[in-house]
Amino acid sequence: MIVDSHAHLNHEDLLPEAEAILERAAAVGVEAVVVAGYDVPSSERAVELAQRFPNVAAAVGLHPYEAGRAGEAEIAAIADLARERGVGAIGEIGLDYHGDEYAPKELQMELASRQMAIAHEAGLPVVLHLRETGLDIIPLLDAYPDARAVFHCFDGGAALLTEAIARGAFISFAGNLTYRRNEGLRLLASRVPRERLLVETDSPYLAPQAHRGRRNEPAYVLETLATLADCQGVAAADLALQTGRNACEVFRPLRPEF
Ligand SMILES: [Zn+2]
């Protein structure tokens with residue numbers, strides 16, 4: 001079973017066609033999708049999709065872009081959504097220091113920390129969005145030693161990868177793994193233990209090389225899977241099986257079919 005571990009079918013570019021998109025994915029063997037929220041409405045839409053389609057699991061959470069905007073009401077809404085059927089994770093949450101239009105680091109850290117607490121209480125893993133944030137997430141992970149973390153769209157350096165793996169995290173690679181200039185990322189991908197690997201599209205963003213610049217969708221995760229299999233020196237079919245198993249282990253609402 002191939003799983004797209006992170007897609008935004010809840011995004012307005014994909015939502016109206018969600019059913020057709022899932023059918024196109026299934027036609028090429030992508031049998032399950034994790035839909036990630038980024039604010040309260042998109043998290044609600046993720047839950048609706050998970051409850052409508054048995055092969056969809058939802059992640060609910062407030063993206064670091066929401067830091068400084070989201071208050072107690074939004075945090076409480078995520079805690080409520082965490083108890084809904086079909087929810088398999090809290091996310092995407094995290095830190096993003098790219099550009100200067102985002103909230104101060106302290107506010108981002110506070111929002112991430114509050115949601116780590118929700119995940120802890122609900123017994124759910126966290127899906128982390130991290131961009132240009134060095135090792136800043138590590139103390140937060142260490143505050144929750146039993147947290148299961150997914151590093152979504154991994155694009156950090158070797159030091160972050162080492163720390164993440166040491167903490168039992170799962171490492172999810174997206175379409176940027178296939179970009180010609182990303183030799184360094186492919187080298188890092190070759191070092192991740194197979195039982196910790198996930199693949200994702202992050203659609204509608206980050207279409208893999210063959211579709212670059214166009215709208216991405218879960219069916220295209222095959223290209224990232226093939227590149228990752230090359231990095232690991234294994235057959236794509238074997239890696240499909242392994243990453244599918246890994247996804248079912250992290251995101252419990254997905255039904256394993258092995
Ligand atoms: Zn995302």
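Let me start with Arg-167, which in this predicted model sits in the loop between helix H6, residues 158-166, and strand E7, residues 170-173. Its relative accessible area is 29%, so Arg-167 is partly exposed. If we set aside residues up to four places away in sequence, Arg-167 touches Ile-138, Leu-141 and Asp-142. The C-alpha atoms of Arg-167 and Ala-147, which are 20 residues apart along the chain, are separated by 8.9 Å.

Now to the zinc ion. Which protein atoms are its donors? They are NE2 of His-6, NE2 of His-8, an OE atom of Glu-92 and an OD atom of Asp-202, and they lie 2.2 to 2.4 Å from the ion. The spacing of these donor residues in sequence reads H-x1-H-x83-E-x109-D.

Finally, a pair of helices. The axes of H2, residues 40-52, and H3, residues 72-81, come within 10 Å and cross at roughly 10°, which means that H2 is roughly parallel to H3. On the H2 side the contact is made by Val-40, Ser-43, Glu-44 and Val-47, and on the H3 side by Glu-74, Ala-77, Ile-78 and Leu-81. Sorted by class, that contact has five nonpolar, one polar and two charged residues.

Terms used: Residues numbered from 1 in each chain as written. Predicted model: local features only at pLDDT ≥ 70, side-chain atom pairs only at ≥ 80, totals over all residues. Heavy atoms only, no water. Helix = DSSP H or I, 4+ residues; strand = E, 2+ residues; numbered from the N terminus. Buried < 20%, exposed > 50% of the residue type's maximum accessible area, 1.4 Å probe, protein only. Contact = heavy atoms within 4.5 Å. Donors = N, O, S within 2.8 Å, 3.2 Å for Na, K, Ca; no water. Axes fitted to C-alpha atoms, helices over the stretch in contact; angles between N-to-C directions. Parallel < 35°, antiparallel > 145°, perpendicular 65-115°, else oblique. Nonpolar A, V, L, I, M, F, W, Y, C, P; charged D, E, K, R; others polar.
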